[in-house]
Amino acid sequence: MTTADTATLLEDAADRIADISRPDLQIMLRRAALRLRNAAAVSMDDDVEEILRDLAGELGMTRNDTIRYIVREWMEKNTYPPVHELDEDGDIDGIG
């Protein structure tokens, strides 16, 4: 389950608090607590934290989403993720 899914479930539960069963609410709160506990797992130097905050604000992303974005971009630029090979004789969508 992603952070957005958890947040959506919690917001929905808050809107319908009288309708949510106690066990369901406990599950959602435990998931949220686990995510919060793990959210600060990556700590940076103060100057890097400041840059991350500024960049996250510019991109309209959270700190953690910004870190994920930076790492993914770096990995893609350095060809770490697997590259999907195209068959020269295979069909492609679009005009080439």
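1. The protein has four helices and zero strands, and, read along the sequence, its elements follow the pattern α-α-α-α. The coordinates come from a predicted model, and the points below should be read with that in mind.

2. Of the 96 residues in the protein, 10% are buried.

3. The geometry of helix α4, which covers residues 63-77, can be checked against expectation: at 1.5 Å a residue, its 15 residues should span 21 Å, and the C-alpha atoms at its ends are 21 Å apart, so the two values agree. Just after α4, Thr79 takes a positive phi of about 55 degrees, a point that a colleague may wish to look at in the model.

4. Two packed helices are described by the angle between their axes and the distance between the axes. Helix α3, which covers residues 46-59, packs with α4 at an angle of about 95 degrees, and the axes of the two helices are 9 Å apart. Because angles of 65 to 115 degrees count as roughly perpendicular, α3 and α4 are described as roughly perpendicular to each other.

5. Which residues in α3 and α4 meet? From α3 come Glu49, Leu52, Leu55, Ala56 and Leu59, while α4 contributes Arg63, Thr66, Ile67, Tyr69 and Ile70. Sorted by class, this contact of α3 with α4 has seven nonpolar residues, one polar residue and two charged residues.

6. With neighbours within four places in sequence left aside, Glu49 is in contact with Val42, Ser43, Met44 and Arg63, and Arg63 is one of the α4 residues listed in the previous point.

7. On the α4 side, Ile70 is found in helix α4 and, at 37% relative accessibility, counts as partly exposed. Leaving aside neighbours within four places in sequence, Ile70 is in contact with Leu52 and Leu55, both of which are among the α3 residues that meet α4. Ile70 and Leu52 are 18 residues apart along the chain, and their C-alpha atoms are separated by 10.0 Å.

Note on methods:
Residues numbered from 1 in each chain as written. Predicted model: local features only at pLDDT ≥ 70, side-chain atom pairs only at ≥ 80, totals over all residues. Heavy atoms only, no water. Expected span 1.5 Å × (residues − 1). Buried < 20%, exposed > 50% of the residue type's maximum accessible area, 1.4 Å probe, protein only. Axes fitted to C-alpha atoms, helices over the stretch in contact; angles between N-to-C directions. Parallel < 35°, antiparallel > 145°, perpendicular 65-115°, else oblique. Contact = heavy atoms within 4.5 Å. Nonpolar A, V, L, I, M, F, W, Y, C, P; charged D, E, K, R; others polar.
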